[in-house]
Amino acid sequence: MKKTRFDTAICDALNESMLRDDRVIVIGQGVPDASQTYGTTKGLVDTFGDKRVMEMPVAEASMVGIMLGAALVGIKPVMVFARMEFAMLAMDQIVNQAAKWHYMFGGKSCVPLVLRLIVGRGWGQGAQHSQSLHNWFTHIPGLKVVAPATAYDAKGLLISSIEDPNPVIFIEHRWLHYTTSLIPKDAYTVPLGVPNLIKKGPDASVVSSSYATLDALKASEILAKDGIHIDIIDLRTLTPLNDEIILESVKKTGRLIVCDQGTLTSGFAAEIISRVTEKAFTYLKEPPVRITLPDCPSPTTRGLANYYYPMPEHIVNAVKKSHKKSVIDPYANVNASDYLDIPNKSFTGPF
Amino acid sequence: MQLKELIQSSRHRVEAFYNLLRIRRIEEAVAKNYSAQEMRCPVHFSIGQEAVAVAACHYLTDDDYVTSTHRAHAHYLAKGGDLDALIAEFYGKETGCSGGYGGSMHLSDLNAGFLGSVPIVGSTISIGVGAAFGAKLQNKNNITVIFLGEGATEEGVFFESLNFALLHKLAVIFVCENNLYSIITSLDKRRPKGADLSKIVESFGAHSYKMDGQDLCSMLDQFQTIIASMRHSPHPVFIECETYRYLEHCGPNQELNLRSESEIKKWKKRDPVDITHHKLMHENFLTSVDVSAFEQAIQREIDHAFMSAKKASFPPRENLMRHVYKETP
């Protein structure tokens, strides 16, 4: 076992997948260059050459189509979008074509394509460099949406996503790149479609994914000091959604708190809460709660952004409130000038 | 021309004429049966434009790839797509080439190298380039023909795809059927006057050709040269074929109130089936006995396809949720 960073884990997954399967290629702006996609493609072009680790023209719309075409004839592309927003130019190819290709041609061909969509946050990146639109993709039948929260899951899930014959949207939060897990030396995979119960406790069911899982873990430590213990279900795969573990948990705790890194309205938290309400209504002791971004774009000034992102304390409060305990607004202690816009104390901007 | 070459050339022309006539008769049969309201999907007929498809596909093999658009029937058939499966697909039956899931606007026949046709204008241009790219990465030297209408050259993705194909020197032939209309909007409302598409394409670095889309024999010769050259040295080629559709954008009817009657009449005077028929008869490559035999064989095929399609079952209800995902092996 080795303590490994999330970004290194991504790189390891790509490396292993490319070693094992000649058909795997990695493509994206900046993938083979000195920036190495924030360290996630480090050294790959030296190992595999520029015919498998590729640069691409600034043409997202056609490039997803081109990778789709390549996937149809035997290639397994992993396409990287340094910022999720750039993939918006390719929505026709993602939603109309890749997602539906297998179905609309009667199951005769498939599109083994992985799109790594990197979610930005902080340092004033603002409205167009901070979105997590994962819920859009969960709405499209035919796509799989995966969101690792740990370095261990990042590696295992990326390997599985590459092996999957379907188009997979791989949601990768930039701030998670700095986190570490213990990772085994030997090869392993994390299956798609299996959420993970990462903390056990009778007092609430907290469902989360991606960076929100990090917040949930911090919240559980704070709560533990007060003798409150929660279940945390880290989704890992958003769709196809396996809600068994969530339902089991809610039947035990009666209290559901869903943490999602997207905005409030029509976010993925709404889907989780709908399912639980449909399938475990009588077990709920309190109304379900969502903790998400508010319904506004991300502002660049930290004077506003400090009040934009939910904090672990918000999750703590939701759990406490569900037990009728009194809480204090976490933002009450936040100042406009605070440096909350960085992933960790050693970070110096820009991204 | 040497005798051997003459015989070869005449064989190709007669075979191409057969394919052209066949597509025409199939399209006419679909148009005729459409009013029975059992083919319940949008159909975009190729009647008038078929020669482009036949010429472009004649020198391709099953290993070569084709992608197409909403107006795909002629491309599908010219590439060797299964006729029974095509008609069954229009009828929405389980035996359709897309299992009833796609209808006329989503066709594929992988055995024939027809990768897929979809109705979002411009979408298959990049997909075709991708297929050519994927082939190159696997050291295959097959050719990809990408059919598109002239309207699709107004989409940004056309230029993006052309750029990429040139960057990677792919074996791609963009076959642009310029039929002057995007639904009912004429070219002059969409293009600045004097805009020359071939100049734009050439300035990117591609070889560009213009062909008379109604002259099958002339196109055959040109495609033969282009494809032979492509097999030796892959390089993207753009071909604009000037052609015309007789029927409305979508559906089996004439479109007399939306386009001028004199314009349609003018184009019908240069009908590709008539032109080729007369030319081959005149050159003694074809007799009326041959043509009669062709018509009968084609009609038998058509009758069989329609009969099988009508007899076939709809997909079972469980198929609704099948194929959303491909199962992991």
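Visitor: Which residues does B:Gly99 touch, not counting residues up to four places away in sequence?

Guide: This is a predicted model, where local features need pLDDT of at least 70 and side-chain atom pairs count only at pLDDT 80 or more, while totals for chains, interfaces and linings use all residues. Residues are numbered from 1 along each chain as its sequence is written, chains are lettered from A and ligands numbered from 1 in the order in which they are written, and side-chain values use heavy atoms, with hydrogens and water left out. Taking contact as heavy atoms within 4.5 Å, B:Gly99 touches A:Gly106, A:Lys108, B:Glu89, B:Lys93, B:Glu94 and B:Pro315.

Visitor: Buried or exposed: which is B:Gly99?

Guide: B:Gly99 lies in the loop between helix H4 (83-90) and strand S2 (107-109) of chain B; helices (H or I, at least four residues) and strands (E, at least two) are DSSP runs, numbered from the N terminus. Buried means under 20% relative accessible area, exposed over 50%, and partly exposed in between (1.4 Å probe, protein chains only). With 11% relative accessibility, B:Gly99 counts as buried.

Visitor: Over which ring does the charged end of B:Lys93 sit?

Guide: B:Lys93 is one of the residues that B:Gly99 touches. A charge sits over a ring if NZ of Lys or CZ of Arg is within 6 Å of the ring centre and within 35 degrees of the ring normal. At 5.1 Å from the ring centre, the charged end of B:Lys93 sits over B:Phe314.

Visitor: Good to know! What kind of aromatic pair do B:Phe133 and B:Phe164 form?

Guide: Rings of Phe, Tyr and Trp (its six-membered ring) pair if their centres lie within 6.5 Å; planes under 30 degrees apart count as stacked, over 60 as edge-to-face and the rest as tilted. The whole structure has 20 aromatic pairs over all chains. For B:Phe133 and B:Phe164 the centres are 5.0 Å apart and the planes are at 75°, so the pair is edge-to-face.

Visitor: How many residues apart in sequence are the parts that this pair ties together?

Guide: Both B:Phe133 and B:Phe164 are buried. B:Phe133 lies in helix H5 (residues 123-137) of chain B and B:Phe164 in helix H6 (residues 156-167) of chain B, so the parts tied together are apart in sequence by 31 residues.

Visitor: How many of the 15 residues of H5(B) are buried?

Guide: H5(B) reaches 22 Å from its first C-alpha to its last, close to the expected 21 Å, a span defined as 1.5 Å times one less than the number of residues. The helix is largely enclosed by the rest of the structure, because its buried residues number 13 of the 15.

Visitor: Which three residues supply 21% of the area that chain B buries against chain A?

Guide: Buried area is the accessible area (1.4 Å probe) that two parts lose on being put together, summed over both. Between chain B and chain A it is about 3200 Å², of which carbon and sulfur atoms give 69%. The contact takes 45 residues from chain B and 42 residues from chain A. Supplying more of chain B's area than any other three residues are B:Ile127, B:Tyr325 and B:Lys326.
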